[in-house]
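Grab a pencil and open the viewer. Here are a few exercises to work through, each with its solution.

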Amino acid sequence: MSVASPILAVRGLKLSIRTDEGIARILDHIDFALQPGHILGIVGESGCGKSTLIRAVLGILPLGATVEAGDIDFAGEKLLRLPERELSRRIRGSRIGFVPQDPYLALNPVFKIGRQVLEIMRWHAPGRGAAQHRERLIGLLRRVHLPDAEAALDRYPHQFSGGQRQRLLIAAALACGPELVIADEPTTALDVTTQQQILALLRELTEEFGLSMLFVTHDLGVVAELCDETCVIYAGQTVESGPTRELLDAPKHPYTRALLACHPDRSDSFIGIPGSVPSPLRAAPGCRFAPRCAEARPACTMRPPHLDTLIEGRRVDCVLYDELESVVA
Amino acid sequence: MMGEATARVPIVELRDVTVLLGGRKGWLRKSVPPVRAVGGVSLSVQQGDILGLVGESGCGKTTLGRTLLGLQRETAGDIRLDGAPVGKLPPKAARRRRNDIHYVHQDAGAALDPWWSIGRTLDEGLRIQGGTAVARRRARVDEILDAVGLDPTTRRRYPHELSGGQLRRVALARILLLRPRFVILDEPTSGLDMSVQATVLNLLLDLRQRFGLTYLFISHDLSVVKRFCDRVAIMYLGRIVELASAADIFAEPRHPYTRALLAAVPRLEGNTRKVEPIEGEPPSAARLPPGCVFSGRCPHAVAECREREPELQAEDGHAVACWRWRDTLEERPAAPPLTGASNEREYAASLAK
């Protein structure tokens, strides 16, 4: 592994949200590090806490959310300790760009594209002139292969197709020169051939602009195509992380193994995982996958989650590997 | 139930069905030509089969499903149910003929009334059909809930209390009550997690066996279609461009569009890095190119493709609508290897060239 310090590191993040029905323990020990220039895939099924994790990094947690433990480090700054004013002025939207899941919902339908994006650019770089912003944006729109870039500024969101809107939002995420881009399932709403084009584009741009990317998805195939490293999350707990190829070729954690066994590329019949994801309102202590795990043992519910076991270049959070432990400092 | 394989009458047959949508005759206002959503589709489905209908958004697959259901009138062509045409019948008679065709909505949650308990929703269909006493209807609802793997107490619950997988089961229960023979499944697994998807698909296979169902499986998810369907039709801009058994289509895709589609599916072993994505996006159905509908994006298109529209032509049961499929088959890049790591640097270098 590289010795460079990570651009984004989330350590032992534990977070709960107060709801009408009680306290929902959404995240329980999330742990990962994104190396500069890399693409890190965060994989998990619905309800695993992916969206909350993104909101925690961007500092836009919903009302009633409390961070109980853990740290988020971004390029040497502790994001959780920064006041909102600092975050919105210096970090969110400028140093950290965001590509949302739904290109239909992310744009305001009543304003022209140019107006919406240029407003953000003016906010983050008030010193620069309007003409400079405009020129930069047109350049970016050309780079993401949006047809007729100059005229696009004067069009409304509905005049673009889904794929074009996603290109537009990628350009908008890059507009203020971010170091880190967070992409939240950016291709889920798109057709496969368009998805393929967008993934190729994201890959090119990461290299070209020297970006680091946090790519959140539920699709292991997309991770295999795009990400250097992968972190698997189940019910708010990081269960396994490591280099993508190794992780997919020889998964360690029983959940990762079960998830890969469901994948059509690995099986001809239809295998599912019995049971369902536990509600964060009634989360039991210990490993949250234990009730569905074929290899569960009594120790699973006693062991507090920790991602310290290093095995074959991967960090695994499972009692099975505790005996083989080679604890990371 | 079914005779010789050769003499079997298909349960549903489409002959050259065309559906034009919208359009306006101009007199005082500008006239707008109609959009061709489905352009000359011929298909047949045998009893007990699963036919997959695959295509990207806007290709006309949902319109085709709606036309089968009678929610949309065909502009031209013939729809036959059990061999007898249904298109020219008056509405009431046509509805009766279509009684055993049912549709499962893509978004099971949106298709249920949030203010109605599951039991009430399920009962509604039986009440509309009429002729059954309350106690009998109750027993039937319980029986079907059990068949789709739901607890009888589900009857007292409301849609928001159920998970995505459970909602799909309710949607299936709702139509099974009405004893369908032919079921149109519109993207039945979209939005479901991989581990839940599998259980829903298993249930569908089980139900087909138990109730003797025939499925039209509308989907854009090729990996599911490959394992689930007997035959597959690939649709692009209102036309069927390829039609064959699932095994044949996936082993030897003939149409350039089918090949592009297969190559675009992200694979665990890494696939899309090795092939160039096809460029552009499907044109709007309102501005169809002359000739082959795919010619605008096809890397193999020649002048002929842009002038004459190819018909779907079968050869050993594998039909394709392409002038050049034979010439382009050899140009196909070798199938990606199933194992081995993909090399990012190599790929980046090839991009830089």
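This is a predicted model: local features need pLDDT of at least 70, side-chain atom pairs count only at pLDDT 80 or more; totals for chains, interfaces and linings use all residues.

**Exercise 1.** Work out which strands of chain A form the open sheet, and which of them sit at its edges.

*Solution.* Start with the strand order: four strands of chain A line up as E2-E1-E4-E5, with antiparallel pairing. Next, look for strands that pair on one side only; these are E2 (22-34) and E5 (77-78) of chain A. Now zoom in on one pair: E4 (residues 65-74) of chain A meets E5(A) over two bridges, antiparallel. Asp73(A) has Lys78(A), in E5(A), as its bridge partner.

**Exercise 2.** Describe how domain 1 of chain A meets domain 2 of chain A.

*Solution.* First set the bounds: domain 1 of chain A covers 8-95 + 178-321, and domain 2 covers 109-175. Their C-alpha centres are 30 Å apart. Then count the contacts: 13 residues of domain 1 of chain A touch nine of domain 2. On the domain 1 side, helix H7 (residues 192-208) of chain A gives the most, five residues. Sort that side by class and you get nine nonpolar, four polar and no charged residues.

**Exercise 3.** Find out what chain B brings to its contact with chain A.

*Solution.* Count first: 32 residues come from chain B and 36 from chain A. Then list the helices of chain B that supply at least two residues each, among them H6 (194-211) and H12 (344-352). H6(B) has the largest share, seven residues. By class, the chain B side splits into 16 nonpolar, nine polar and seven charged residues.

Methods. Residues are numbered from 1 along each chain as its sequence is written. Chains are lettered from A and ligands numbered from 1 in the order in which they are written. Two residues are in contact if their C-beta atoms, placed from the backbone, lie within 7 Å. Ala, Val, Leu, Ile, Met, Phe, Trp, Tyr, Cys and Pro count as nonpolar, Asp, Glu, Lys and Arg as charged, and the others, Gly among them, as polar. Domain bounds come from an automatic or database domain assignment. Two strands pair if DSSP finds at least two bridges between them.
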